[in-house]
Amino acid sequence: MTSRRAAIQAGVCGGLGLSLGDMFRLQSQGGEAFSMTQGQTLKDPKALSVIQLHLGGGFPQHESFDPKPESPVEYRGAFGIQKTNTGEIFSDNFPNTAAVADKLTVIRSMVGKIPDHAVATYHLFTGYTPTAVIDFPQMGSIISHELGKRGDLPPYVAIPNNHSFAGGTGFLSSTHGPFELNADPAERNYKVKDFSIPERVSMERFDRRKTAREIIEQKIRGLEADPTMLDTMDDFYQQAYTLLTSKQSQAAFALDGETEETFELYGRDVVGLKGPDNKFHPKGLAEKMIVARRLVESGVRFVTVNYGAWDSHVDVKNDCLDQMPALDHAIAGLITDLDRRGLLDTTIFWVTSEFGRTPKINNTSGRDHWARNYSMLVAGGGFAPGLVYGASDSIGGEPARDAVPLENLMHTIYHQLGIDAGKELLAFGTRPIEIIKDGKLVKGLLS
């Protein structure tokens, strides 16, 4: 598949706007034929957008949302508990999240399949384990395919990039892949790369090049070229033109106009442990989450944000001390901000990891991979607020009640978006594939 940057650098007719159009066109190559037809959806969707905060590596349930204070120390770990505003308990690593527990749902009985990073991440993002025969599309790509754009922005955006194990668009056209920022909103001079007209190209010159392309395409039509292909190319270039010229669209990716109070709410200045230079450093999660909120506010359907490295085989305590303060502020900050802006009812905020960690701490003070039981957090979009769903056993190793296979949770999220997760899509033009195979609606999670 042609990379986004290679497509942009290719250049067509010498105009940058046209080369961004090529990015959309070339992104579609390698998948099925591009189609503007949207899927049939259910009536009255409860949610319009999803923000997925992915904690790659295997997030520890004991040190977060399923502490075991009465278990022996080799199971409960080094941390105490924090009472939530609903009377439940979280780890004391999450005091801010505990204070907004009445607005979120915690699932303590998630069940995965295979405790391998690559396989489990692919499973999380697609709902399927990898096969040698079929490549399955990510949830964001399915949502793009089924619901299309809501406004001028791409339906699916990855901050800062698509996860390397998450798969791609599978048997769908690559036009449904994520728009990757290739930039970190926390960096100084942050700017989405290749997302503006260069200073050397004036708007007048840019418009002349757009007109020139239209004249050329009219000539090709006159030569009886394939009109379907030309219509498809027209759509790619229109997307490029819109993104390059719309101040409103570009503003959604920026941090302009955000107040100091908002940055504080999301924990911009919160630090963990000292870095290799013996200094404290903010983690940059706050800025990523603010951009994610701005994007769904502007109509993006699915935003995924990657944060942290949670593969804590050694010294899980210090990994948590380093990464969890910023995470706690960002989770609570986003939920509070979405609620204040009236967006929480229509936005699903989903905190994910590919699996959890072993119930027992190992001999290097870490926890190893564990897919048989772990926790996830969901808020908004019609999920029941203030709910702790399911339970693990006394050591956090197996579901004790109301087990939730990952497919069932994904099915439920699709349902809230108005998408029938049992719908069959055609792979290779002839083979029907369910969006989620054997998934079931978990009614107990919904308000």
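Mentor: Let's start with F94, which counts as buried at 0% relative accessibility.

Trainee: What does buried mean here?

Mentor: Buried is under 20% relative accessible area, exposed is over 50%, and partly exposed lies in between (1.4 Å probe, protein chains only). The model is predicted, so local features need pLDDT of at least 70 and side-chain atom pairs pLDDT 80 or more, while totals for chains, interfaces and linings use all residues. Numbering runs from 1 along each chain as its sequence is written, and side-chain values use heavy atoms, without hydrogens and water. F65 is buried too, with a relative accessible area of 2%.

Trainee: How should I read an aromatic pair, and how many aromatic pairs are found?

Mentor: The distance of the centres and the angle of the planes describe a pair of aromatic rings. Rings of Phe, Tyr and Trp (its six-membered ring) pair with centres within 6.5 Å; planes under 30 degrees apart are stacked, over 60 edge-to-face, the rest tilted. The whole structure holds nine aromatic pairs. In one of them, the ring centres of F65 and F94 are 4.9 Å apart with planes at 45°, so this pair is tilted. For Y128 and F136, centres 4.0 Å apart and planes at 0° make the pair stacked. Y128 is buried at 12% relative accessibility, and F136 is buried at 6% relative accessible area.

Trainee: Which residues do ring pairs link into a cluster?

Mentor: F59, F65, F90, F94, Y307 and W310 are linked that way.

Trainee: Let's turn to strands. Which strands pair with β4?

Mentor: Helices (H or I, at least four residues) and strands (E, at least two) are DSSP runs numbered from the N terminus, and two strands pair if DSSP finds at least two bridges between them. Five bridges connect β4 with the antiparallel strand β11 (residues 374-379), where A379 is the bridge partner of L104. Strand β12 (residues 387-389) runs parallel to β4, with three bridges, and V388 in β12 stands opposite V106. Strand β15 (residues 404-405) is also parallel to β4, joined by two bridges; there M110 faces V404.

Trainee: How many residues of β4 are buried?

Mentor: Seven of the eight residues in β4 (residues 104-111) are buried, so the strand is mostly covered.
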